[in-house]
Amino acid sequence: MRNVLAVGAHPDDVELGCGATLLAHAAAGDAVTVLVMTGGENGPGDSRRVAGRRAEQEQAARALGARLRWGGQTDCLVTADAATVRVVERTIEETGADLVYVHAPDDSHQDHRAVAAVTLSAARRLSRVLHYQSPSTLAFAPSVFVDVTAYLSGKLAALGAHASQVELSAMVEPDAVVASARHWGAQARIGYAEAFAPTRMVLDLAPVAPRRRATDAPATAPEAVPDAWRLAPARPLADTLR
Ligand SMILES: [Zn+2]
């Protein structure tokens with residue numbers, strides 16, 4: 001079982017960036033925690049809608065099968081300082097996280113940049129840190145993909161919980177979510193994918209079948225090399241000059 005932590009600056013950032021992957025983690029029996037650093041006070045809508053944003057995030061976390069933590073920061077004013085690093089560090093310690101998802105560092109939203117920076121500091125001892133894409137991400141060259149074909153509708157359901165943002169923001173369009181997943185899926189030669197740019201990613205090769213005994217013969221021995229592929233011994237130099 002893995003302990004997974006997904007960090008986002010605002011309500012709906014995590015669902016949009018890696019929601020289907022978190023569903024895949026939950027289905028695999030992993031413990032998933034979502035850390036939302038601000039309450040989204042500057043998102044779209046009037047004060048009543050903004051007040052409901054926390055309840056929406058709580059509903060979205062339930063849809064993902066994730067525990068929810070709040071980072072206690074102010075929307076649009078997140079600073080990449082030691083106190084904010086400590087907020088993420090404390091969550092890593094308390095959850096025992098060994099895999100962290102966070103915003104891509106190159107982003108036009110200052111909160112996204114700050115949250116990526118503080119998470120990189122907080123996760124400096126971890127072996128697995130992956131960056132997800134947001135609508136405001138700038139440069140993004142992913143090389144790690146997760147097959148989310150079975151979880152895309154669940155991601156849309158989790159995003160649907162963020163009614164005040166999804167209805168009012170052109171940044172969160174369900175058809176764009178599906179098109180993006182298909183694009184990354186085509187890049188990864190699978191159906192639908194979420195894409196990640198790693199800061200570090202150690203592959204997990206834990207055996208899925210009972211461990212073989214050391215004395216067992218390999219399941220498939222290497223085939224003998226056909227004669228046509230054998231290297232011809234070099235002829236003596238004297239022969240070639242004759
Ligand atoms: Zn955001």
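This is a predicted model: local features need pLDDT of at least 70, side-chain atom pairs count only at pLDDT 80 or more; totals for chains, interfaces and linings use all residues.
Colleague: Okay, on to single residues. What makes Gly40 count as buried?

Modeller: Just count neighbours. The label needs 20 or more other C-beta atoms within 10 Å. Gly40 has 27 inside that distance, so it counts as buried.

Colleague: Where does Gly40 lie, and which residues is it in contact with, leaving aside neighbours within four places in sequence?

Modeller: Gly40 lies in the loop between S2 and helix H2 (47-51). With those neighbours left aside, Gly40 is in contact with His10, Pro11, Val50, Arg53 and Asp75. Take Pro11: it is 29 residues from Gly40 in sequence, yet the two C-alpha atoms are 5.9 Å apart in space.

Colleague: Now Asp12 and Arg189. Is each of them buried or exposed, and how do you know?

Modeller: Asp12 has 27 other C-beta atoms within 10 Å, so it is buried. For exposed, the count must be 12 or fewer. Arg189 has 8 C-beta neighbours inside 10 Å, so that one counts as exposed.

Colleague: Let's do helix H4. How do you know what span to expect from its 14 residues?

Modeller: You take 1.5 Å times one less than the number of residues. For H4 (residues 82-95), that gives an expected 20 Å, and the helix reaches 20 Å from its first C-alpha to its last.

Colleague: Which residues of H4 are buried, and why do you say they line one face?

Modeller: The buried ones are Thr84, Val87, Val88, Thr91 and Ile92. Looking down the axis of H4, they fall within an arc of 130°, so they line one face of the helix. The face turned away from that buried side carries the exposed residues Ala82, Ala83, Glu93 and Glu94.

Colleague: What do the buried residues of H4 pack against, and what comes just after the helix?

Modeller: They pack against strand S1 (3-8), strand S2 (31-38), strand S3 (67-73) and helix H5 (110-122). Just after H4 comes Gly96, with a positive phi of about 65°.

Colleague: Last one: why are H6 and H8 called roughly antiparallel?

Modeller: It's about the crossing angle, and anything over 145 degrees gets that name. The axes of helix H6 (residues 152-160) and helix H8 (residues 174-187) cross at roughly 150° and come within 11 Å. So the two helices are roughly antiparallel to each other. Leu152, Lys155, Leu156 and Leu159 of H6 make the contact with Pro174, Val177, Val178 and Ala181 of H8.

Colleague: And what puts the buried residues of H6 on the same side?

Modeller: Those residues are Leu152, Gly154, Lys155, Ala158 and Leu159. They cover an arc of only 155° around the axis, so they are on the same side of H6.

Definitions and conventions. Residues are numbered from 1 along each chain as its sequence is written. The arc is that of the directions from the helix axis to the C-beta atoms. Two residues are in contact if their C-beta atoms, placed from the backbone, lie within 7 Å. Axes are lines fitted to C-alpha atoms, for helices over the stretch in contact, and angles run from 0 to 180 degrees between N-to-C directions. Angles under 35 degrees count as roughly parallel, over 145 as roughly antiparallel, 65 to 115 as roughly perpendicular and the rest as oblique.
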